[in-house]
Amino acid sequence: MSKQYYQKEIETMPYEQMRALQSERLCRQVRHVWDNVPYYRSLMEEKGLTPDDIRGVEDLHKLPFLKKDDLRDQYPYGLLAKPLSDCVRIQSTSGTTGRRVVAFYTQNDVDLWEDCCARAITAVGGTREDVCQVAYGYGLFTGGPGLNGGSHKVGCLTLPMSSGNTDRQIQFMMDLGATILCCTPSYAAYIGETLKEKGYKPEDNKLKAGIFGAEPWTEEMRRDIEKSLGIKAYDIYGLTETSGPGVAFECEDQSGMHINEDHFLAEIIDPDTGEVLPEGEKGELVFTALTKEAFPLLRYRTRDICVLTRGKCACGRTLIKMTKPMGRSDDMMIIRGVNVFPSQIEAVLLSEGYSPNYQIVLDRVNNTDTFDVNVEMTPDRFCDTVKGTQEAEKKLVNAMLNMLGIRPNVHLVAPKSIARSEGKAVRVIDKRKLH
Ligand code: ADP
Ligand code: ZN
């Protein structure tokens, strides 16, 4: 693949120059927030800060954090920094972890967000010759609108499919020769599975790349999707609070996602103490939006856990990279006192040759947590004897015990019996919360 960039000067900018740009934008943004968001201004005042105390990136750590709870408390207009008459768009979170958050955009905010998505599409080889099928949900969810806008900016022929109606997705994919597919990784896996069922081979479609994000997925799942669709699968990351997808994107090197740090200044902190951690250490990702006008969050705690690294990338980009967030701090289940992430279970299943179709069910019986994992048999691993099934289950139990340090009950269930997701997959049913 020849090297392509959407905004080369920014994407390959030397670090010192990027830092100077970030510092200049940070000072301006802090002033904008101070002048227009009384809530954040009072948080700064509580710390004895004024905008004059923030002279560059080196002062970032002085600013107070914003948390999801602040956003929920200030719903809907409390963090708005522009008059509503200057806003042209509202988007909202998927509500995966509670009350939805609404975010506001000026036309300029929409433009810059779409630029970020255009960088992502270009990084996977997208050009005006491509046909880009956007199968993320459209509407309040940011996935569809974000990638749609990015695809237009690149000049791809855009198929605004939205999610769902898989038969029609496949028909359009085939008839119109889609070359890039954008959707959640769980929906990509489902499309791959459906193509196979319909008798298509991976080489029958014209797809070359997929841009999959909005939920955690493992390297094993990447390989599975790449095989079933005959493509290269790339990660993309974002959240409604910081605009949407395109905050970070993977390049041809597939070794973590470049953060669009001219717009989003990233830090990693210790989630317990709030202390800023050095590059290379694992912790909670915090973003400061440097250019957003309507909803300019400063030091927003994402609750996503990952690692940042700055170094030379084969693609030529100098933008700092983040690892895949392997779950958010609030995805983490505490089962019998042990921390467990769904991604760990997924990694075991895929390494044992199962599909990523599983569901975790937690309950509490006699004050003890019960931990069940339902796993679909794949058609080629289907056992029709009780003994065969029990042996396969035992093998999975042991592999999970090794990975997690606690023992789940594993139940192999019939192929296709776990509901498929067209958006973000529902991996955990926690009945303990209902008691
Ligand atoms: P919600 O918090 O309701 O799901 P969003 O739709 O804004 O709202 O989702 C943003 C969240 O989705 C991120 O904070 C992160 O946890 C998750 N996410 C987005 N992209 C990725 C990705 N590529 N890998 C892992 N998680 C992701
Ligand atoms: Zn790169």
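Predicted model: local features only at pLDDT ≥ 70, side-chain atom pairs only at ≥ 80, totals over all residues.
So, a cavity, on a 1 Å grid over the protein atoms alone, is a set of points where a 1.4 Å probe fits but cannot get out, and a lining residue has an atom within 4 Å of a point. Residues are numbered from 1 along each chain as its sequence is written, chains are lettered from A and ligands numbered from 1 in the order in which they are written, and side-chain values use heavy atoms, with hydrogens and water left out.

Okay, cavities. We have three of 30 Å³ or more; a volume here is the space filled by probe spheres set on the grid points, which are joined across faces, edges and corners. The largest cavity holds about 70 Å³ of space. Around it you'll find Asp 109, Leu 112, Trp 113, Cys 116, Ser 243, His 263, Phe 264, Thr 291 and Lys 292. Helix H5, residues 107-123, is the top contributor to that lining, with four residues. (Helices are DSSP runs of H or I, at least four residues, strands are runs of E, at least two, and both are numbered from the N terminus.)

By class, that lining is four nonpolar, three polar and two charged. For the classes, Ala, Val, Leu, Ile, Met, Phe, Trp, Tyr, Cys and Pro are nonpolar, Asp, Glu, Lys and Arg are charged, and the others, Gly among them, are polar. And the second largest cavity? About 60 Å³, with seven nonpolar, two polar and no charged residues around it. Leu 71, Tyr 75 and Phe 295 are among them.

Now the open spaces. A pocket is an open set of points with protein on both sides within 12 Å along at least five of seven lines. Helix H8 (185-197) gives the largest share of the lining, eight residues, while helix H9 (219-229) and strand S16 (358-365) each supply at least two.

Where does this pocket sit? Domain 1 (1-328) and domain 2 (333-430) both give residues to its lining, so it lies between them; those bounds come from an automatic or database domain assignment.

On to the sheet. It's open, with 11 strands in mixed pairing, running from S4 at one end of the order to S10 at the other. Strand S4 (157-159) and strand S10 (264-269) are the edges, each with a single partner strand, so one side of each has no neighbour in the sheet. Strands pair if DSSP finds at least two bridges between them; S10 and strand S11 (282-289) are antiparallel over six bridges. In that pair, Ala 266 stands opposite Phe 287.

Cys 117 has 0% relative accessibility and counts as buried, meaning under 20% relative accessible area with a 1.4 Å probe, protein chains only; over 50% is exposed, and in between is partly exposed. Cys 156 is buried too, at 8%, and the nearest cysteine sulfur to its own, that of Cys 132, is 5.1 Å away.

Conventions. Disulfide = S-S within 2.5 Å.
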